[in-house]
Amino acid sequence: MNKILEVERVSKEYPGRVAVSNISFHVNQGSIHGFLGPNGAGKSTTMKMIAGILPTSQGQIKLFGETISTDSLYHKNLIGLLPENAPLYLDMKVEKYLQFVAKLHGVKNVKGQVDQVMESLKLIEVKNRLIGNLSKGYKQRVGLAQAIVYDAPFLILDEPTNGLDPQAVVELRDFIKGLAAHKTILFSSHILSEVEQLCDQITIIHKGKVRASGDLTEIHRKFRQGLVLKIGLGIGESLPDLSNFGKYEVTHHSTLANEEQFIISFVSEIDIRSELIKFILSHGLKLMTIQAEFPELEDIFLHMTETQR
Amino acid sequence: MIWNVWKKETESYFASPLAYVLIGLFSLISGIVFFNLLVTYTDGIQTLPPEYSQQISFVEEVVLKFFANVNFLFLIFIPLITMKLFSEEKRLETLDIYWLSPMKEWQLVFAKYLSALTLVLSLLLMTCVFPLVIWGVGIKDLNLLGSSYLAVVLNACAYISLGLFCSSISGNQIIAALLSILGVMFLWMISWGGHLNSNYIVAEIFTYVGITSHFERLLRGVLGTQDIIYYLSFIFIFSVMTVKSLGRRNW
């Protein structure tokens, strides 16, 4: 898969403070890459460095293979950015504002492009209203509109759904999903379930350092803190010794209407279900149910950001 | 691109009450000033004996004093015009729009400079009725009026460049305006320092660095190369400082 963005050992220092320290990760073409981290982790700083707005203190950022900086013209028109605070002129009307941004980027068919973007984001009905008078949801949509109005192939969205009502969140999320068909998106969010729904790759950042980066499923596998199994055996049956499969602990046992239920916590990081099934059956036991519970992204995220404090 | 930003900024000025309040106040105050100067002049002529009254010059007492007063009004009006140009953008974090576009810092500074100049020229347009009065009383000196307006416009250009720089270093409009007012006052005080200093060389340096001597020479129709160089380098230096300040992206 093509890497369209490569962040290589990038640091950002302010006087007396290190905002981002030696971070590296990459974003594959055509993916929605989730960028996760608690407040103050360095997400917005990193996103602004990637957008070529903030200079890096060290390291380099490559977009489509070319190194970008605040001085380079290369990345202009290639990146669409919706920062945490959407850059909106409150005294402008929606349509005029979008036309202004489109002209800045040298869009040829300004009216056609702006109309199309307003149509897709359902902004037509408010196109002649002052941005300052719009609701938070509409403002955010106008912010997204300015990021896509010049059709940049790479989008950076910094917490785009933050502060929106549930209906608006769903609509915006669906829209972003639709955008991914022909754009690559770097997407930061606090809402982990949102990242799980939208993203196929993630980078977790904490205190200015990358804690994990890669495919979501890969990170799940890599950072799984053991495996929790729920096993149901026939009434009156007891669990055989499972120490061949690694260290384990029966954390719960209860007798239900039609089975003996055991909840077992394994330290093992690999999925041992199929071997376990064979083992139990070889002991002549009735296996009623077997269910594995893998840790959610939230668990991984909490683990990353808490244990490394 | 510059035209696009100039248009947006100028529309933004005239979409808000600020432009109209400034134009109204400027017209009112400059009208009162002109009227007072006229009344003082005519009173002087009528009350003094003919041998003294003939020595009172209309040009000195009304025309030059009027334009000197316009320059004084700029001390307040121009910082009010320039204060928001960058500080507001910094506060709203809207400068990102430009940094993602192919627009360069100097182009943005130039566009904003032109929009501020447009509003300042609109203020000056309101004073055009006074030259008609001057013309009416028989002072048909186009050179005098031309150089007076040139002096005022060049001073305005210098103040705008200073105001833009002040706006680029602060995220607070009020602080930007205050810095700008202090800056202009400092330029005046340097000139006064030149008059007060007994050391010839120091006095000459102070006089050259201060803006007043250049303004006064232009006002009297003396268009010297050194004055033009002074104004151009003043505007250039502050514009470059503004560009550098924006380039640091330290907000």
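Two residues are in contact if their C-beta atoms, placed from the backbone, lie within 7 Å. In chain A, 67% of the contacts with a separation of 6 or more are between residues 24 or more positions apart. This is a predicted model, in which local features need pLDDT of at least 70 and side-chain atom pairs count only at pLDDT 80 or more, while totals for chains, interfaces and linings use all residues. Residues are numbered from 1 along each chain as its sequence is written, and chains are lettered from A and ligands numbered from 1 in the order in which they are written.

**Overall form of chain A**

Chain A has nine helices and 14 strands; helices (H or I, at least four residues) and strands (E, at least two) are DSSP runs, numbered from the N terminus. The radius of gyration of chain A, 24 Å, is well over the 19 Å that the globule rule gives for 309 residues, so chain A is more spread out than a compact globule. The radius is taken over C-alpha atoms, and the globule rule is 2.2 Å times the number of residues to the power 0.38. The C-alpha trace of chain A spans about 75 × 45 × 35 Å along its principal axes.

Domain 1 (3–222) and domain 2 (227–293) are given by the domain assignment of chain A, where the bounds come from an automatic or database domain assignment. The centres of these two domains of chain A, taken over C-alpha atoms, are separated by 46 Å.

Of the 309 residues of chain A, 37% count as buried. A residue is buried if 20 or more other C-beta atoms lie within 10 Å of its own, exposed if 12 or fewer, and partly exposed in between, with C-beta atoms placed from the backbone. In strand β8 (residues 184–188) of chain A, five of the five residues are buried, so the strand is largely enclosed by the rest of the structure. T184(A), L186(A) and S188(A) point one way from β8(A), and I185(A) and F187(A) the other way.

Two strands pair if DSSP finds at least two bridges between them.

| Strands | Sense | Bridges |
|---|---|---|
| β3 (residues 32–36) and β8 of chain A | parallel | four bridges |
| β7 (residues 154–158) and β8 of chain A | parallel | five bridges |
| β1 (residues 3–14) and β2 (residues 17–28) of chain A | antiparallel | eight bridges |

H33(A) stands opposite L186(A) in β8(A), and L155(A) stands opposite I185(A). From β7(A) the chain crosses through helix α5 (residues 166–179) of chain A to β8(A), in a right-handed β-α-β crossover; right-handed here is when, with the strands pointing away from the viewer, the path from the first strand over the helix to the second runs clockwise.

**Positive phi values**

The hairpin of β1(A) and β2(A) has two residues between the strands, and G16(A) there takes a positive phi near 80 degrees. Most residues other than glycine have a negative phi. N77(A), not a glycine, has a positive phi near 75 degrees and is found in the loop between β5 (66–68) and β6 of chain A. N77(A) is partly exposed, with 18 other C-beta atoms within 10 Å.

**Contacts with chain B**

In chain A, 22 residues are in contact with 17 residues of chain B. On this side of chain A, α2(A) gives the most, with four residues.
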